[in-house]
Amino acid sequence: MAKNTGHTPGKKHKQKRSMIRRMVPFGATTVLLVVLLILLGTSLRKTNETPPALAPSAEYTSSFGLSSQQEPDTAETASGGDDPAREKEDDAEAENAKGRSDNTEAETSEAQDNREDDWRLILVNRWNPMPEDYEVELTQLANGHAVDSRIYPDLQQMFDDARAEGLMPTISSSYRTADKQQQLLDDKLAAYENEGNSYEDAKELAEAWVAVPGTSEHQMGIAVDITSADREAQAPDVVWQWLKEHCCEYGFIVRYPEEKSDITGVINEPWHFRYVGKEAAKEIMEQDVCLEEYLGRAEH
């Protein structure tokens with residue numbers, strides 16, 4: 001009988017193979033567990049890291065009103081790119097600026113309209129005749145003169161204060177009718193003709209001194225010519241100087257300054273004072289402008 005030379009596993013060999021079979025699942029599980037732990041650690045690190053472009057900053061919080069717990073949605077927003085909220089704020093600000101500009105223009109236009117409607121600021125000169133329907137209520141003065149009743153209180157106060165300062169003002173001309181104005185113009189024209197001037201030259205010279213009827217502030221009752229009550233005791237210049245310095249306190253202006261003759265169309269008349277109201281008078285005298293310039297109507 002032939003002898004079996006093949007290897008027959010023994011008891012120890014069987015135990016070893018059984019142990020290997022038990023270790024294989026355990027090793028695979030361990031490897032899988034290690035891999036999972038590595039992946040989990042990587043994920044945790046990525047979760048805890050914040051991209052620099054999205055990190056909240058004091059500058060961003062200040063500009064966009066976010067708290068330190070908030071982050072912008074995109075890196076573009078955090079770096080100063082387009083942001084709907086900011087664009088909305090900018091649009092609102094632009095609209096507000098436009099509104100303020102419109103309001104300023106409207107106020108300017110309204111102020112201009114108010115000036116044109118203000119009886120105290122009616123512009124009357126050789127290019128702008130007084131309204132045809134203009135009416136005036138007069139207050140008769142003790143010396144036979146008359147003025148618009150609305151200016152009388154301020155006129156009287158101005159004279160009282162001037163006299164308290166030792167001055168001697170008196171009115172030499174006040175309200176005039178159209179007929180009176182025409183008479184003054186005719187007399188002046190005749191005087192220039194008697195000096196040898198032609199009619200045309202005399203007329204031009206006369207109208208530089210006396211307004212054509214309908215273009216004189218005297219016909220409105222809101223202008224007065226003032227001089228010294230005693231020229232020997234006090235020169236008119238003294239009275240005019242005090243009035244020039246103080247007339248705006250009472251609502252009057254020096255109507256025809258020498259340096260404004262080209263604009264007013266009237267030669268220097270330091271004695272002619274026109275009522276415009278205290279606010280306008282102060283602005284006109286402080287700005288050193290004439291009424292035409294103040295009203296924006298210096299162009300003829």
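Two strands count as paired if DSSP finds at least two bridges between them; strands (E, at least two residues) and helices (H or I, at least four) are DSSP runs numbered from the N terminus. This is a predicted model, in which local features need pLDDT of at least 70, side-chain atom pairs count only at pLDDT 80 or more, and totals for chains, interfaces and linings use all residues. Residues are numbered from 1 along each chain as its sequence is written, and side-chain values use heavy atoms, with hydrogens and water left out.

**View 1. The open sheet S3-S4-S6-S5.** Its four strands pair in the antiparallel sense. Strand S3 (169-173) and strand S5 (252-256) are the edges, each pairing on one side only.

**View 2. Bridges within the sheet.** Four antiparallel bridges link S3 to strand S4 (residues 223-228), and Ile 171 stands opposite Ile 226 in S4. S5 and S6 run antiparallel and are also joined by four bridges; Tyr 256 has Glu 269 in S6 as its bridge partner.

**View 3. Burial of S5.** Five of the five residues of S5 are buried (under 20% relative accessible area; exposed is over 50%, partly exposed in between; 1.4 Å probe, protein chains only).

View 4. Gln 181, Leu 185, Leu 189 and Tyr 192 are the buried residues of H6. They lie on the same side of H6, because their arc around the axis is only 70 degrees (taken from the directions from the helix axis to the C-beta atoms). These buried residues pack against helix H7 (199-209), with contact meaning heavy atoms within 4.5 Å. Exposed Asp 179 and Asn 194 are on the face turned away from the buried side.
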